[in-house]
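Please prepare a briefing on the structure below.

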Amino acid sequence: MPYKDVTPPSGGKITIQNGKLTVPDQPVIPFIRGDGTGPDIWAASERVFDAAVQKAYGGKRKISWFEVFAGETAKNKFDNWLPDDTVEAFRDYLVGIKGPLTTPVGGGIRSLNVALRHMLDLYVCLRPVQYFSGVPSPVKHPEKVEMVIFRENTEDIYAGIEYAGGTPEAQKLLDFLEQNFNKDFKKIRFGTKQAIADYMKLAAPDHDASHIPVQVGLGIKPVSNVGTIRLMKSAVEYALRFKRKSVTIVHKGNIMKFTEGAFRDWAYSAAERIFGDKVYTWAQYDRCKKDKGEAAANAEQKAALAGGAVLIKDSIADIALQQVLTRPEDFDVIATLNLNGDYLSDALAAQVGGIGIAPGGNINYVTGHAIFEATHGTAPKYANLDRVNPGSVVLSGEMMLRYMGWVEAADLILKGLNGAIASKRVTYDFARLMEQATEIKCSEFGTNMIEHM
């Protein structure tokens, strides 16, 4: 479609056929600088990307950058937080990258990031977590953290089906539950005036509670079999492709039996049905143990893993959050729901140096659409100071290049970042925690990475 306010540069389009990307030598890549510190970070990152591509391919390949807009910049420029041009550019050119965006306050779009994920059905949030030697860490052995999180991106409470307490919509849902599911309605502790009055008689017997309104915020948590299956398929395919040892299904199925518990069961079933003897699941182990005993189950699992099968196991979310800290070597690829994935990815990022260098990608492996992004906020107090760490966008670009099949350029970015950190000439967030480090600007850190390629 023709664009209203932006003009694409010359270059080719990335396409997909039978699940395989075709990338021209000069692909058009839409990008959003981002708000707050976004312009500083992007300026450094773009130079790193271009230098890596130039060095890897000697000028035979080059990215044709296509700037589009979202967030506060778009609001100021077009009076629109997320212009149609931006969505169409990502839809048209398949692969793009973005900096941090301001979330609008008040009505309208709940989150620009979530909106883009839903509009393009980017059902996988891919969050690799790895340690770079020399990065300050709060744990003793951050080098043991090397995990890849597949976070389901379109369901769970992030679907945004919520009703504010005291609104007609919330009351309508309360009335529906009371009339049709009274047993469940009674589990809502303060869903009626009578329940409020009964409590206030105990808590404050001299207080007139008649004026206290019924205000119950309600949310709906959708988790589907198809949404689960496509996420699990992506996670296991990744594990097989990159020869990872296990996929851990992280859930809270002991409490939310028909959402998170179903996620676990559907994930196990999908792994067995789709991948056969390429995987061995704890569900298979449990069946063998029940039928033939523990020794037989242990022998069956040992034989499967010795034959190269990927182990598919599961962990309750609260235990997983503890064990990624105390036993990180037990985790490899993680497949989980939206909210669990949010907690896990940020907790793991803290172990390897913080969210400032944590990359992310939002991907639809069927259509090929992918948006790679900084995972941190806009940090407006540091805007235009050329001070912050560009690592999150740089590593997101590394993910993007690897996704495109430009692995030589991606490898150079990792080499450059490792060398820059080892030189101890780093941005303030690292310098203040590293011994004998020299603090340099965001732009200078970009140059440092290029020099170490």
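**Briefing**

Arginine 117 lies in helix H4 (residues 112-119); helices (H or I, at least four residues) and strands (E, at least two) are DSSP runs, numbered from the N terminus. This is a predicted model, in which local features need pLDDT of at least 70 and side-chain atom pairs count only at pLDDT 80 or more, while totals for chains, interfaces and linings use all residues. Residues are numbered from 1 along each chain as its sequence is written, and side-chain values use heavy atoms, with hydrogens and water left out.

- Not counting residues up to four places away in sequence, arginine 117 touches Leu122, Arg151, Asn153, Asn362 and Glu373; contact means heavy atoms within 4.5 Å.
- Alanine 283 belongs to helix H10 (residues 282-292) and is buried because its relative accessible area is 17%.
- With residues up to four places away in sequence not counted, alanine 283 touches Tyr268 and Glu272.
- Between alanine 283 and alanine 209 there are 74 residues in sequence and 52 Å in space, C-alpha to C-alpha.

**Strand S12 and its partners**

- Strand S12 (residues 310-316) has six of its seven residues buried, so the rest of the structure largely encloses it.
- Strand S10 (residues 246-251) runs parallel to S12 and is joined to it by six bridges; two strands pair if DSSP finds at least two bridges between them.
- Within this pairing, threonine 248 stands opposite lysine 313.
- Strand S11 (residues 279-281) also pairs with S12 in the parallel sense, over three bridges, and threonine 281 has isoleucine 312 as its bridge partner.

**Nonpolar cores**

- The largest nonpolar core has 79 residues, of which Ile97, Val247 and Ile312 touch the most other members; a nonpolar core is a set of buried Ala, Val, Leu, Ile, Met, Phe, Trp, Tyr and Cys residues joined through side-chain atoms within 4.5 Å.
- Apart from that core lies another of 21 residues, including Tyr3, Ile32, Phe66 and Leu112.
- Leaving aside neighbours within four places in sequence, isoleucine 312 is in contact with residues including Met232, Val236, Val247, Ile249 and Thr281.

**Helix H8**

- Helix H8 (residues 225-241) has 17 residues and reaches 24 Å from its first C-alpha to its last, close to the 24 Å expected at 1.5 Å a residue; the expected span is 1.5 Å times one less than the number of residues.
- Among the buried residues of H8 are Leu231, Met232, Val236 and Tyr238.
- At the start of H8, the backbone nitrogen of glycine 227 has a side-chain oxygen of serine 224 within 2.9 Å.
- Lysine 243 follows H8 and has a positive phi, near 55°.

**Helix H15**

- The 16 residues of helix H15 (residues 407-422) should span 22 Å at 1.5 Å a residue, and the end C-alpha atoms are 23 Å apart, which agrees.
- Buried residues of H15 include Leu412, Ile413, Leu414 and Leu417.
- The elements against which the buried residues of H15 pack include helix H1 (38-57), strand S6 (124-130) and helix H14 (391-404).

**Cysteines**

- The structure holds zero disulfides, a disulfide being a pair of cysteine sulfur atoms within 2.5 Å.
- Cysteine 288 counts as buried because its relative accessibility is 8%, and cysteine 442 counts as buried at 0%.

Technical notes. Buried means under 20% relative accessible area, exposed over 50%, partly exposed in between (1.4 Å probe, protein chains only). A polar contact is a pair of N or O atoms within 3.5 Å; within protein, one must be able to donate a hydrogen and the other to accept it, and residues adjacent in sequence count only if both atoms are side-chain atoms.
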